[in-house]
Amino acid sequence: MDATTAPHRIPPEMPQYGEANHVFELMQNMLEQLLIQQPEDPIPFMIEHLQRDNDYVPKIVILGPPASGKTTIAMWLRKHLNSNLLSVESLMAKEYSSLAADARTHYQKFQTLPDMLLVRLVQERLREEDCVRRGWILDGIPETREQALLIQTLGVSPRHVIVLSAPDAVLIERNLGKRIDPQTGEIYHTIFDWPPESEIQNRLIAPAGISEGETARRLLEYHRNIVRILPSYPKIVKVITADQPCVDVFYQALTYVQTIHRSNAPFTPRVLLCGPVGSGKSLQAALLAEKYGLVNVCCGQLLKEAMADKSKYGEMIRPFFEKETAVPSYIIMKVLRQRLDQQDCVERGWVLHGFPRDRDQACLMDSMGYKPNRVFFLNVPFDSIIERLTLRRTDPVTGERKILG
Ligand SMILES: Nc1ncnc2c1ncn2[C@@H]1O[C@H](COP(=O)(O)OP(=O)(O)OP(=O)(O)O)[C@@H](O)[C@H]1O
Ligand SMILES: Nc1nc2c(ncn2[C@H]2C[C@H](O)[C@@H](COP(=O)(O)OP(=O)(O)O)O2)c(=O)[nH]1
């Protein structure tokens with residue numbers, strides 16, 4: 001195969017650099033902001049965005065049926081994460097916004113908002129500095145699949161989606177006890193969350209739409225929509241039972257939103273298996289190589305092959321094997337480098353075992369730029385190892401190892 005048709009050789013440093021510096025996520029977040037903000041001149045915007053380094057601010061959607069506690073949990077998360085809470089009510093209440101004024105007018109007439117108007121309100125709000133710097137929590141938005149798709153076309157993608165769930169009967173009963181503080185907007189409940197201060201108790205009001213009939217109607221609407229919304233958020237949805245104390249719901253939600261999902265960045269596994277002789281490194285390496293298409297790199301096998309091929313390094317290794325002394329690490333590293341730099345290892349990734357065996361070898365490997373991104377230490381009780389090794393047999397033809405019996 002001549003050079004013009006040979007596959008392009010990807011230097012091993014490239015994927016490693018991309019992983020180490022999260023280049024893929026960096027570009028993904030910048031592209032999202034470019035689509036949302038649509039700046040006149042993208043270059044200075046990108047420079048400022050990259051210098052901001054706020055790619056891990058909260059981007060949360062909380063969905064759930066009426067009375068499931070979306071607003072309660074969203075408010076607690078907002079306080080805890082020092083982020084911004086966006087709900088239909090808060091978006092319509094925005095001052096100095098013609099869009100919000102139109103929305104209020106429309107809502108007063110029809111008690112609902114057109115999808116596009118709500119989504120444009122969300123976009124207008126997300127463009128504001130505080131949302132860019134401190135992230136956002138969408139409370140009960142999107143309400144429909146159409147809204148979910150429109151929000152996605154804006155380039156707005158949540159990092160975590162929480163869906164609260166509880167039996168309808170529980171929610172209908174619960175909503176009857178909902179009370180709101182007209183001064184602070186805080187939400188309370190006559191049974192589950194009654195304020196201790198009599199001053200607050202006296203000014204609480206029952207919000208509209210909490211009757212059994214109204215709640216039942218909204219539940220019907222919710223169940224019809226939620227099944228069409230969720231497919232828009234594969235792999236980032238967590239369903240939390242809301243039929244438990246608020247605090248428990250909150251801590252499950254907080255734990256979830258503080259997890260970082262596996263990124264979609266292309267990933268080349270570089271696996272290192274460590275462990276005492278007989279711990280199962282060779283066996284697990286063979287299984288991993290077969291399951292994930294990795295290159296199985298057994299250090300001991302490599303050295304033997306180098307000697308069998310009578311290569312330059314093989315002749316350097318031979319005296320040490322003949323005297324049954326340890327081969328110097330720098331020679332092993334040369335043989336290893338030759339193998340790990342080959343196209344199959346760079347493209348498919350590798351699972352290495354039998355090297356490094358001590359800290360110096362690990363430092364040598366790291367200094368030469370071979371950095372595993374998954375390391376497993378196989379820990380086996382001493383007597384199990386003795387039993388395995390005494391029963392271990394190796395096929396002289398295939399080199400396969402089996403346990404006798
Ligand atoms: N886990 C919970 N256990 C008991 N009561 C709760 C729980 N979560 C919320 N509540 C109470 O239920 C009522 C409804 O809560 P909240 O308004 O947060 O729900 P919501 O999903 O935002 O409702 P809606 O969609 O109607 O606005 C409130 O009185 C709240 O105090
Ligand atoms: N019961 C049991 N036996 C195992 C397991 N992993 C490996 N073995 C067996 C297979 C081998 O004959 C022996 C040692 O395994 P190995 O993979 O050659 O160990 P290692 O020297 O490469 O670390 O133990 C294992 O997970 N369970």
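Where is Asp181 found? I started there, keeping in mind that this is a predicted model.

**Entry 1: Asp181**

I found Asp181 in the loop between β5 (178-180) and β6 (187-189). Is Asp181 buried or exposed? Its relative accessibility is 1%, and buried means under 20%, so Asp181 counts as buried. I then listed what Asp181 touches, skipping residues up to four places away in sequence: Glu186, Tyr188, Ile200, Arg203 and Leu204. One of these, Tyr188, turns up again in the next entry, among the residues closest to ligand 1.

**Entry 2: ligand 1**

How many residues surround ligand 1? I get 19, and the closest are Lys70, Thr71, Thr72, Tyr188 and Gln244. Next I looked at polar atoms. Lys70 places a polar side-chain atom 2.5 Å from an oxygen atom of ligand 1. For Thr72, an N or O atom of the side chain is 2.5 Å from an oxygen atom of the ligand. With Arg174 the ligand atom is a nitrogen, and a polar side-chain atom of Arg174 lies 3.4 Å from it.

**Entry 3: Ser232**

I moved on to Ser232, which lies in the loop between α12 (212-229) and β7 (237-241). Ser232 counts as buried, because its relative accessibility is 10% and the cut-off is under 20%. Which side chain does the side chain of Ser232 join in a polar contact? The partner is Arg145, at 3.1 Å. Leaving out neighbours within four places in sequence, I noted Arg145, Ala148, Leu149 and Gln152 in contact with Ser232.

**Entry 4: the open sheet**

Here I traced a sheet of 4 strands, which is open, has parallel pairing and runs in the order β9-β10-β8-β11. Its edge strands are β9 (295-298) and β11 (374-377), each pairing on one side only. From one strand to the next, the twist averages 15°.

I then followed β9 across to β10 (residues 350-353): the two run parallel and 4 bridges join them. Asn296 has Val351 as its bridge partner in β10, and Cys298 stands opposite His353. Which residues of β9 are on its covered face? They are Val295 and Val297, while Asn296 and Cys298 make up the uncovered face.

**Entry 5: helix α17**

Helix α17 (residues 329-340) packs on this sheet, where it touches β9 and β10. The direction of α17 makes about 175° with that of β9.

I also checked the length of α17.

Which residues of α17 are buried? My list reads Ile331, Ile332, Met333, Val335, Leu336, Arg339 and Leu340. I was glad to see what covers them: β9 and β10 are included, along with α15 (299-308), α16 (312-322), α18 (343-348) and α19 (359-367).

**Entry 6: Phe382**

My last stop was Phe382, found in helix α20 (residues 382-391). Buried or exposed, I asked of Phe382? Its relative accessible area is 66%, and exposed means over 50%, so Phe382 is exposed.

Key
Residues are numbered from 1 along each chain as its sequence is written. Chains are lettered from A and ligands numbered from 1 in the order in which they are written. This is a predicted model: local features need pLDDT of at least 70, side-chain atom pairs count only at pLDDT 80 or more; totals for chains, interfaces and linings use all residues. Side-chain values use heavy atoms; hydrogens and water are left out. Two strands pair if DSSP finds at least two bridges between them. Axes are lines fitted to C-alpha atoms, for helices over the stretch in contact, and angles run from 0 to 180 degrees between N-to-C directions. Contact means heavy atoms within 4.5 Å. Buried means under 20% relative accessible area, exposed over 50%, partly exposed in between (1.4 Å probe, protein chains only). A polar contact is a pair of N or O atoms within 3.5 Å; within protein, one must be able to donate a hydrogen and the other to accept it, and residues adjacent in sequence count only if both atoms are side-chain atoms. A residue is near a molecule or strand if one of its heavy atoms lies within 4 Å of it.
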